[in-house]
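User: I have not looked at this one before. Can you take me through it?

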Amino acid sequence: MSEPAIDPDALAELRAGVGAVDRAALGRPASARAGTNIALVKYWGKRDAALNLPATGSLSLTLADLGTHTTVRFRPEAGAEAADRVTLDGAPADAKAAARVARFLDLVRALAGTRAAADVSSRNSVPTAAGLASSASAFAALAIAATSAAGVRLSPSLLSALARRGSGSAARSIFGGFVEMTPGERPDGADAVARGLLDESAWDVRLVVALTADGAKLVSSTEAMDRTARTSPYHPAWVAAVPGDLAAARAAIAARDLDALGAVAERSALRMHASALAAEPPVLYFNPATVAAIQRVWALRAAGTAAYVTVDAGPHVKVLCAEDGATRVAATLADVPGVRRTLVARPGPGARATDEEAT
Ligand code: PMV
């Protein structure tokens, strides 16, 4: 079988790490699970859009329970003209999502030297595209399931580089617990990978999520960060501040200092949103419940509960707190007008293969 037409430069960072391809794997299903992650030092802007290389580093916490379970099976028997079939949460994926998955599979096909179309089934336990970073767990799980189904073995670091091609934040979900993503300097992106800082059992914090809206976000993170980088006068200031935030977050994690980590997380999130708000046209993800929830957390903190907010490319509010404060934080947020639901998440493991198939 000949290889699909993929620009060889687009694969340079991955190809060097691929050993012998296991041809016998093709045709057998392979499954993986990944937890989503929430950035405490945000990623907001790319240095290369085609390779999905971030302009800055970022730092996150991978979560247990909230994530994606995916099964991939290539269909060599279907012939070169067959198309990929993608099922999300039990229904056929819309054209845009299916095309994004197919483009990602093209990379895996090129690495494996096959043109076989694939069946992909994926289930999310996070609301898809609602700003809860479902793409992070989705592409981390897909990276493991698809490479394994294609008979390609990659190191965790290269799986991170591959997952990054689907979604920048997905590179971090390959690892569990606290994770740092390095932007790298190489044009081919080989050094733009994540690494684990502290595993999920080492520090028992909680992330309380307050869902403040139903449905998909209005502006995709890709579009919003591109617009911010092109038009916001505050984006250069954002980029310049990130290394300091990363150093402070790393030190706080090493010292298990929740107040210090929370302070970094809050300022990183609010500065990211400030830079987006100054874009043209502006990007505003907050709704009234987002603002009310943030203010309620600040009131709780003033009354003595260590709790710190972060907000991603959507209206939901996530609160970093101690294990013994999580019930109080969740109950307080559930009371805020406009909050639909609250979830309490623990630190979770990195993406991993499983024998269980997603349906
Ligand atoms: O991975 P993407 O393209 O969905 O971008 C993620 C952007 C934020 O969630 C807002 C920040 C981050 O670092 O996860």
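User: Let's start with the second largest pocket. How are its lining residues split by class?

Analyst: First, a caution: this is a predicted model. The lining of the second largest pocket has 5 nonpolar, 3 polar and 2 charged residues.

User: Which residues are they?

Analyst: The second largest pocket is lined by D22, I144, T147, S148, G151, V152, R153, L154, L159 and A353.

User: Which helix gives the most to that lining?

Analyst: Helix α3, residues 134–149, gives the most, with 3 residues.

User: And how much space lies in the second largest pocket?

Analyst: About 250 Å³.

User: Back to α3. At what angle do the axes of α3 and α4 cross?

Analyst: They cross at roughly 120°, and the two axes come within 8 Å. α3 and α4 are therefore oblique to each other. Their crossing is right-handed.

User: Which residues make that contact?

Analyst: On the α3 side there are F139, A140, A143, I144 and T147, and on the α4 side L159, L162, A163 and G166. By class, the contact of α3 with α4 has 7 nonpolar, 2 polar and no charged residues.

User: What about α2 and α4, how do they pack?

Analyst: Helix α2 covers residues 95–112 and helix α4 covers residues 156–166. They pack at an angle of about 150°, and their axes are 9 Å apart. That angle makes α2 roughly antiparallel to α4.

User: Which residues meet there, and what is the handedness?

Analyst: R100, F104, L107 and V108 of α2 meet L162, A163, R165 and G166 of α4. This contact of α2 with α4 has 5 nonpolar, 1 polar and 2 charged residues. The crossing of α2 and α4 is right-handed. L162, A163 and G166 of α4 are also part of the contact with α3.

User: Is the crossing of α7 and α8 left-handed or right-handed?

Analyst: The crossing of α7 and α8 is left-handed.

User: Which residues of α7 and α8 meet?

Analyst: From α7 there are H235, W238, A241, D245, A248, A249, A252 and I253. They meet A260, L261, V264, R267, S268, R271, M272 and S275 of α8. The residues of this contact divide into 10 nonpolar, 3 polar and 3 charged.

User: Now the backbone. Which residues does a cis peptide bond join?

Analyst: A cis peptide bond joins E280 and P281, with omega at about -10°.

User: Where is P281?

Analyst: P281 sits in the loop between α8 and α9, and α9 is residues 288–302.

User: Which residue has a positive phi although it is not a glycine?

Analyst: D89 does, with a phi of about 50°.

User: Where is D89 found?

Analyst: D89 is in the loop between β5, residues 85–88, and β6, residues 91–92.

Terms used: Residues numbered from 1 in each chain as written. Predicted model: local features only at pLDDT ≥ 70, side-chain atom pairs only at ≥ 80, totals over all residues. Heavy atoms only, no water. 1 Å grid on protein atoms, 1.4 Å probe; cavity = no way out; pocket = protein on both sides within 12 Å on 5 of 7 lines; lining within 4 Å. Points joined across faces, edges and corners; volume = space filled by probe spheres on them. Helix = DSSP H or I, 4+ residues; strand = E, 2+ residues; numbered from the N terminus. Nonpolar A, V, L, I, M, F, W, Y, C, P; charged D, E, K, R; others polar. Axes fitted to C-alpha atoms, helices over the stretch in contact; angles between N-to-C directions. Parallel < 35°, antiparallel > 145°, perpendicular 65-115°, else oblique. Left-handed = near helix turned anticlockwise from the far one by under 90°. Contact = heavy atoms within 4.5 Å.
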